[in-house]
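Look at the model below. The paragraphs after it walk through one site.

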Amino acid sequence: EAKRERGNQVVRFDRDIHERALRQFRLEAWLPNAVANGEIQVFFQPIVENGNGSIAGFEALARWQHPELGWVPPPEFIRAAIETGCIRDLTLGMLRAASRAFMPYLEAASRPYLGVNVSVSDINAEDFPERVAAILAEEGMPAERLILEVTEDMLLGDSGNVAQVLGRLRALGLRIAIDDFGTGYSSMSYLSSFMVNIIKIDQSFIRNLIDSSSDQKIVRAIVSMAADLELSVVTEGVETPEQKELLRQMGCRLLQGYLFGRPQPAHSWLGEKGLDLEAFQPFPAT
Ligand code: C2E
Ligand code: MG
Ligand code: MG
Ligand code: MG
């Protein structure tokens, strides 16, 4: 009996591997065309001021709906984009589309910023800063309103090339955020303010924040360190009013999470008169 079970498990295991490989194969076959045809959509998720609830910014998040596969999770197609080498086109396409969709928000009273995610292959390309500058110029997007989000692992060691590219990007007037802070491996040397401007605390520290005193200590330590280094902090994955209140006590000013809004098509945050603060309910009653 045990033997047969194990036998079945092996069969199922093989089938899982097979199905996963097949899916990966399909994603990699379809994705470059989807990118080239402009099928990657831009969704916006707000970043909110913990004080008055105004919108401090929006993060642009890539979405891909495939006719057969449906909505493909971003981490899955981002990985496929890196494997197939179309990540450069995806990133620059996202930057262009997000800048264009952001135009109506430029005049909003809270002067929100636009956050765009960037991958390690983008940062490693020598001409990336020039490509970014060209798109901003073409789309009429002010660099001061743009934040590029890079993950911690990208800053591994002190690879001279990454530091140099980041420096040239910063020289354009845009800001750099470290995404998913606390989950990667890296040296602390990049935390000097000439490398980055913003730390985004990873949502894994927020998930159990209320019950986990160690997560609370970590968040407090990051907030205090960021203040010393004159870096801004954004807290990701805020889902409950209790988390929001605790984060307020901890001095976290900028929050992002389902509590304030899920990623949605860019225009859905707009009313007839621009940014729709009526429809936007940053702190819903509970
Ligand atoms: P990220 O940059 O850390 O983006 C935040 C992710 O957290 C998004 O997932 C967002 O939908 C999700 N999120 C926001 N608030 C909450 C919350 O309250 N609870 C929970 N559980 N999740 C929340 P998404 O859109 O699935 O993207 C996942 C990752 O894929 C992103 O993580 C980013 O690393 C990558 N990604 C997405 N779009 C792009 C892109 O255009 N370029 C690149 N290079 N990577 C992208
Ligand atoms: Mg991000
Ligand atoms: Mg993140
Ligand atoms: Mg993440």
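Which residue has a polar side-chain atom 2.5 Å from a nitrogen atom of ligand 1? Glu 239 does. This is a predicted model, where local features need pLDDT of at least 70, side-chain atom pairs count only at pLDDT 80 or more, and totals for chains, interfaces and linings use all residues. Residues are numbered from 1 along each chain as written, chains are lettered from A and ligands numbered from 1 in written order, and side-chain values use heavy atoms, without hydrogens and water.

Asp 180 places one 3.0 Å from an oxygen atom of ligand 1. For Glu 236, the distance to an oxygen atom of ligand 1 is 3.3 Å. Alone, ligand 1 exposes 800 Å², and the protein buries 84% of that (Shrake-Rupley method, 1.4 Å probe).

Around ligand 1 there are 22 residues (a heavy atom within 4 Å). Among them, Arg 63, Asn 117, Asp 179, Glu 239 and Tyr 258 come nearest. Strand E2 (55–66) gives four residues, the largest share of this shell. Helix H2 (74–84) and strand E6 (175–181) each supply at least two (DSSP runs: helices at least four residues, strands at least two).

Now the metal. Asp 179, Asp 180 and Glu 236 coordinate the magnesium ion (ligand 3) at 2.1 to 2.4 Å (donors are N, O and S atoms within 2.8 Å of the metal, or 3.2 Å for Na, K and Ca). Their spacing along the chain is D-D-x55-E.

Asp 179 counts as buried because its relative accessibility is 6%, while Asp 180, at 26%, is partly exposed (buried is under 20%, exposed over 50%, partly exposed in between; 1.4 Å probe, protein chains only).

Methods:
A polar contact is a pair of N or O atoms within 3.5 Å; within protein, one must be able to donate a hydrogen and the other to accept it, and residues adjacent in sequence count only if both atoms are side-chain atoms.
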